[in-house]
Amino acid sequence: MSERQGDAADGLTAALRAVVADPAARPFLVALDFDGTLAPLQDDPSASRILPAGVDALARLAQVEGVELALVSGRAMTDLHALAEVPAGTFLIGSHGAERARVTAFGLDRDVVQLSDEQADRLAALGAQTAAVARGRDGVWVETKPTAVVVHTRLAEPDVAAEATQVAVELGERLGTGVLRGRDVVEITVLQADKGEALTALRAELGASVVLYAGDDVTDEHAFAALGPQDLSIKVGRAETVARYRLATPQELVDTLGGLAAALV
Ligand SMILES: O=P(O)(O)OC[C@H]1O[C@H](O[C@H]2O[C@H](CO)[C@@H](O)[C@H](O)[C@H]2O)[C@H](O)[C@@H](O)[C@@H]1O
């Protein structure tokens, strides 16, 4: 495994070596956030791609017996599947846990999300009302997902972004089931879901002894908090976190995954 500078990086390298060397640390679930973690952030979400070294690392990890792979994302499932260049067998958790699927050699084996009439009505109302939030505010736009709407402010001037964020949060508190703040986004959901619950459920299903989870955003904190002392939580970036380890950039993360794959095969 490659060496990086600093105490935190040394700690992560040692922890990864311990997992590699311990036959009891199987099944080993490697679960990863997508945007800002495997894929550098972009102004246009459809332009996001996993870094090439990450695609390669995931393909190699998928070959290792006892290793399971998952992407755990806020993205809608259709979107996540279209963008994520991941090997067959990878579990996909989308919409912060509201959607779940597994990549197969032929496509996607997915659970269908069923909204009640009341939830569907609220989602439609949220679509209309968030469109009104964006109207007249340059750089603010709305993404619609099967269980949520997302107000994006990355392209707006700071004062416009702050105003749109405040209005969207108030709207979400009134009409949503949950309000998630992410990187330049306010996500208003009509179904209760979070990455921690989704990761806990997948871990139980797989009987994973050890879980590695890496993420960059506040929504990933739920997943970090769901991990135990034997697990590896990795924050990508500088923001405050409950994660035990930290890497600076998506490139550092995919390089670390490459080193892990090399050590496991
Ligand atoms: O859980 P993630 O995989 O990190 O997904 C969270 C959100 O990702 C997308 O938005 C974020 O990435 C965009 C592309 O880099 C960026 O433009 C935006 O500012 C980020 O918040 C996606 O559009 C959202 O639906 C996801 O919830």
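**Domains, packing and the ligand**

Guide: Gladly! The protein is divided into domain 1 (7–113 + 194–264) and domain 2 (117–189), with bounds that come from an automatic or database domain assignment. This is a predicted model, where local features need pLDDT of at least 70, side-chain atom pairs count only at pLDDT 80 or more, and totals for chains, interfaces and linings use all residues. Residues are numbered from 1 along each chain as its sequence is written.

Visitor: What makes residues of domain 1 and domain 2 count as in contact?

Guide: Two residues are in contact if their C-beta atoms, placed from the backbone, lie within 7 Å. By that rule, 13 residues of domain 1 are in contact with 11 residues of domain 2. The centres of the two domains, taken over C-alpha atoms, are 27 Å apart.

Visitor: Why are some residues called buried?

Guide: Buried means that 20 or more other C-beta atoms, placed from the backbone, lie within 10 Å of the residue's own. Such residues make up 45% of the 265 in the protein.

Visitor: Which residues come nearest to the ligand?

Guide: Being near means having a C-beta atom, placed from the backbone, within 6 Å. Of the 23 residues around the ligand, Phe 34, Asp 35, Pro 45, Ser 73 and Gly 74 come nearest.

How values were computed:
A residue is buried if 20 or more other C-beta atoms lie within 10 Å of its own, exposed if 12 or fewer, and partly exposed in between; C-beta atoms are placed from the backbone.
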